[in-house]
Amino acid sequence: MLVWSFATLLLRFSPARARLALASIVPLALLVTYHRTYDAKLLLLVVPACTMLWAERGLTGRLALVTTTAGVISTGDYPLTILYILTENPHWDTAGFFGKMLSVVLTRPVPLILLMMGIFYLWVYVRRCSEHAPT
């Protein structure tokens, strides 16, 4: 969040930067709060930045679409209910480090997806801000 703060405070305001700033801080802020089913509604704040990147017709736009879709779908009401039902009584071996890591990834994918979204949008935000920074 320090990187986000420096990038936001040091540069001038523009609507495109505001969309990217919001898209990068929302998933990172959701990481430190308790995950509830309204996280998907808060992640809708990322959609304007996703559409802005998608309109550029590049690899960044496709990655934005994939990460945003994964975030919104994985934090939605129905997928969380299905995930809860599927992982209520797991029947896999959790012995050892890799077994425990696998169980965390399979039973709690939302924090990993939010981290992926936050890092992706923060990377785009910082990269775009550094490209347009005054010299």
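Residues are numbered from 1 along each chain as its sequence is written, and side-chain values use heavy atoms, with hydrogens and water left out. Because the model is predicted, local features need pLDDT of at least 70 and side-chain atom pairs count only at pLDDT 80 or more, whereas totals for chains, interfaces and linings use all residues.

The protein chain contains 8 helices and 0 strands, which gives the pattern α-α-α-α-α-α-α-α along the sequence. Helices (H or I, at least four residues) and strands (E, at least two) are DSSP runs, numbered from the N terminus. Along the principal axes, the C-alpha atoms fill a box of roughly 60 × 30 × 25 Å. Of the 135 residues, 33% count as buried, where buried means under 20% relative accessible area, exposed over 50% and partly exposed in between (1.4 Å probe, protein chains only). Among contacts (heavy atoms within 4.5 Å) between residues at least 6 apart in sequence, 70% join residues at least 24 apart.

Axes are lines fitted to C-alpha atoms, for helices over the stretch in contact, and angles run from 0 to 180 degrees between N-to-C directions. The crossing of H2 with H8 is left-handed, meaning that the near helix is turned anticlockwise from the far one by less than a right angle (clockwise for right-handed). On the H2 side, the residues in contact include Leu20, Ala23, Pro27 and Leu31, and among their counterparts in H8 are Leu114, Met117, Tyr121 and Tyr125. By class, this contact has 16 nonpolar, 2 polar and 2 charged residues. Here Ala, Val, Leu, Ile, Met, Phe, Trp, Tyr, Cys and Pro count as nonpolar, Asp, Glu, Lys and Arg as charged, and the others, Gly among them, as polar.

H2 also packs with helix H4 (residues 47–54), at an angle of about 125° and with the axes 8 Å apart. These two helices are therefore oblique to each other, and their crossing is left-handed. Ala16, Arg19, Leu20 and Ala23 in H2 meet Pro48, Ala49, Met52 and Leu53 in H4. This contact comprises 7 nonpolar, no polar and 1 charged residues.

Attention now turns to Ser74 and Thr75. Ser74 belongs to helix H5, while Thr75 sits in the loop between helix H5 (59–74) and helix H6 (77–86). Ser74 is buried because its relative accessible area is 14%, and Thr75 counts as buried at 2%. Leaving aside residues up to four places away in sequence, Ser74 touches Pro79, Leu80, Val110 and Ile113. The side chain of Ser74 has a polar atom 2.8 Å from the backbone oxygen of Ala70, and it reaches the backbone oxygen of Gly71 at 3.3 Å. That oxygen of Gly71 also lies 2.8 Å from a polar atom of the Thr75 side chain. From C-alpha to C-alpha, Ser74 and Pro48 are 19 Å apart in space and 26 residues apart in sequence.

Notes. Polar contact = N/O pair within 3.5 Å; in protein donor to acceptor, adjacent residues only side chain to side chain. Parallel < 35°, antiparallel > 145°, perpendicular 65-115°, else oblique.
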